[in-house]
Amino acid sequence: MPSALIFGGSGKLAKLITERLVQKGYQVLSVIRREEHIPSLRELGATPILQSIELASVSELASTIRTSAPDTVIFAAGAGIRSFEDRNLSRVVDGDAAIRVFDAMVEAGATKRLIIISTIDARNREKAAPSWYNEVDQKGSDDLWRVLPIYMKAKYDADKDLVEGNGKRGLEYTIIRPTWYGDGEGTGKIKAGLAGFEPKVSREDVADVFVACVENSATVGCVFEISGGEVPIQDAVKKVAEEKIDSFGEMLR
């Protein structure tokens with residue numbers, strides 16, 4: 001049975017990913033911080049693992065990965081609404097904890113496959129905007145960085161560390177960078193690649209993109225944006241893989 005270990009397993013996106021993977025016959029192990037999330041994850045068919053990624057060391061995270069021995073590690077954790085009360089949490093969870101998981105995967109030696117949630121426009125803002133941005137994208141960028149500067153910087157730092165440090169780590173990563181989430185149901189269709197900010201994308205569709213990447217090893221090394229669109233998800237992800245899209249390259253400079 002194929003398996004996946006999800007960090008941040010109690011989040012909305014992680015639960016959607018869990019539900020879909022279980023339906024496809026995957027064993028899902030879900031790392032969570034609080035005991036009250038155990039029943040809902042068990043109902044989805046996941047095996048909960050209690051561990052705070054905010055507090056766990058690289059060695060402790062490596063032990064979890066080694067014991068679980070998953071085929072794929074998914075990092076879907078985020079500070080979420082807690083970051084509005086304590087903005088430093090974005091740095092702790094979205095940045096520092098993600099980087100510790102990268103290092104823990106190397107120490108564990110159990111799997112190299114990693115799929116991580118990022119965000120559109122996590123980039124070096126001291127440089128020019130990406131060449132595919134239009135006026136709407138630039139406004140979206142300005143709005144994101146004005147409202148969530150610590151979160152955006154944390155995501156950028158994690159992505160940068162993963163990409164620049166991979167010559168040493170040797171992980172088989174895919175970075176998924178959705179635009180703003182919409183509240184509606186999934187459509188099964190997206191725009192992927194150099195996608196831009198508009199229109200919004202359903203969280204359900206983002207979960208389906210994760211599953212498509214789990215099942216398509218050709219997405220290794222791809223870094224791509226997702227927005228709402230008209231291309232069926234499987235086809236969109238297949239094209240990203242064929243074209244080896246790396247939206248971060250221009251953003252990193």
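1. Is K155 buried or exposed? In this predicted model, K155 is buried, at a relative accessible area of 3%. Its salt-bridge partner is D94, with N and O 3.2 Å apart. Since D94 belongs to helix α5 and K155 to helix α7, the pair ties together parts that are 61 residues apart in sequence. D94 is buried as well, with a relative accessible area of 2%.

2. The count of salt bridges comes to 15. One of them joins R20 and D208, whose closest N and O atoms are 2.6 Å apart. R20 sits in helix α1 (residues 12-23) and D208 in helix α9 (residues 203-214), so this pair connects parts 188 residues apart in sequence. R20 is buried, at 16% relative accessible area, whereas D208 is partly exposed, at 25%. A network of salt bridges links E19, R20 and D208.

3. D161 and R169 also form a salt bridge, with a closest N to O distance of 2.5 Å. D161 is partly exposed at 27%; R169 is buried at 14%.

4. The buried residues of helix α3 (residues 58-68) are L61, A62, T64, I65 and S68. Viewed down the axis of α3, they fall within an arc of 160°, so they line one face of the helix. Their cover includes β1, β2, β3 and α5. After α3 comes A69, with a positive phi near 50°.

5. Helix α6 (residues 135-147) has 13 residues and should span 18 Å, which agrees with the 18 Å between its end C-alpha atoms. N134 caps its N-terminal end, with a side-chain oxygen 3.0 Å from the backbone nitrogen of V136. Buried residues of α6, among them L144 and W145, pack against α7 (149-164).

Note on methods. Residues are numbered from 1 along each chain as its sequence is written. This is a predicted model: local features need pLDDT of at least 70, side-chain atom pairs count only at pLDDT 80 or more; totals for chains, interfaces and linings use all residues. Side-chain values use heavy atoms; hydrogens and water are left out. Buried means under 20% relative accessible area, exposed over 50%, partly exposed in between (1.4 Å probe, protein chains only). Helices (H or I, at least four residues) and strands (E, at least two) are DSSP runs, numbered from the N terminus. The arc is that of the directions from the helix axis to the C-beta atoms. Contact means heavy atoms within 4.5 Å. The expected span of a helix is 1.5 Å times one less than its number of residues. A polar contact is a pair of N or O atoms within 3.5 Å; within protein, one must be able to donate a hydrogen and the other to accept it, and residues adjacent in sequence count only if both atoms are side-chain atoms. A salt bridge is a side-chain nitrogen of Lys or Arg within 4 Å of a carboxyl oxygen of Asp or Glu.
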